[in-house]
Amino acid sequence: QVRLVESGGGLVQAGGSLRLSCTASGTPFSISVMGWYRQAPGKQRDLVATISSGQSTNYADSVKGRFTISRDNAKNTVYLQMNSLKPEDTAVYYCNQRRVGFPSWDYWGQGTQVTVSS
């Protein structure tokens with residue numbers, strides 16, 4: 001059974017920091033692309049950052065220089081360090097695990113709320 005369990009969300013003031021964690025089980029973690037996405041009320045779910053099995057990273061322009069994605073394959077965990085948070089970062093943050101090719105998979109966590117007050 002595949003599970004993605006996120007943690008680390010919460011309420012923080014603008015300029016503050018949070019670190020999100022997502023621990024995966026049930027699929028081969030080390031060969032998966034791991035990602036963080038977010039969805040604000042009334043908006044679509046958007047990419048925040050991804051990290052490949054080879055540690056290549058990709059960020060949305062809106063978070064470059066403020067957020068850092070990393071992974072620990074020994075712990076089957078991906079992290080999102082969020083610094084200099086802004087009210088517009090408020091959203092539900094979702095962890096994603098996927099692999100393109102054969103076999104392929106695409107799984108989502110349940111989401112964790114991040115609220116940044118001004």
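Student: How many helices and how many strands does the chain have?

Tutor: In this predicted model, the chain has 0 helices and 11 strands. From the N terminus on, the elements run β-β-β-β-β-β-β-β-β-β-β.

Student: Why is the link of Cys22 and Cys95 called a disulfide?

Tutor: The S to S distance is 2.1 Å. The cut-off is within 2.5 Å, so the pair counts as a disulfide. The structure holds 1 disulfide.

Student: What makes the pair a link between distant parts of the chain?

Tutor: Cys22 and Cys95 are 73 residues apart. Cys22 lies in strand S3 (residues 18-25), and Cys95 in strand S9 (residues 91-99).

Student: Which hand does the link of Cys22 and Cys95 have?

Tutor: The angle about the S-S bond is -80 degrees, and the link is left-handed.

Student: Are Cys22 and Cys95 buried or exposed?

Tutor: Both Cys22 and Cys95 are buried. That puts each under 20% relative accessible area. Of the 118 residues of the chain, 42% count as buried.

Student: Why does the radius of gyration of the chain agree with a compact globule?

Tutor: With 118 residues, a compact globule would have a radius of gyration near 13 Å. The chain has 14 Å, so the value agrees. Along its principal axes, the C-alpha trace spans about 45 × 25 × 25 Å.

Student: What percentage of contacts between residues at least 6 apart in sequence join residues at least 24 apart?

Tutor: In the chain, 55% of those contacts do.

Student: What is the accessible surface of the chain?

Tutor: The accessible surface comes to about 6100 Å². Carbon and sulfur atoms hold 47% of that surface.

Definitions and conventions:
Residues are numbered from 1 along each chain as its sequence is written. This is a predicted model: local features need pLDDT of at least 70, side-chain atom pairs count only at pLDDT 80 or more; totals for chains, interfaces and linings use all residues. Side-chain values use heavy atoms; hydrogens and water are left out. Helices (H or I, at least four residues) and strands (E, at least two) are DSSP runs, numbered from the N terminus. Buried means under 20% relative accessible area, exposed over 50%, partly exposed in between (1.4 Å probe, protein chains only). The radius of gyration is taken over C-alpha atoms; the globule rule is 2.2 Å times the number of residues to the power 0.38. Contact means heavy atoms within 4.5 Å. Accessible areas come from the Shrake-Rupley method with a 1.4 Å probe; for residues, only the protein chains shown count as cover.
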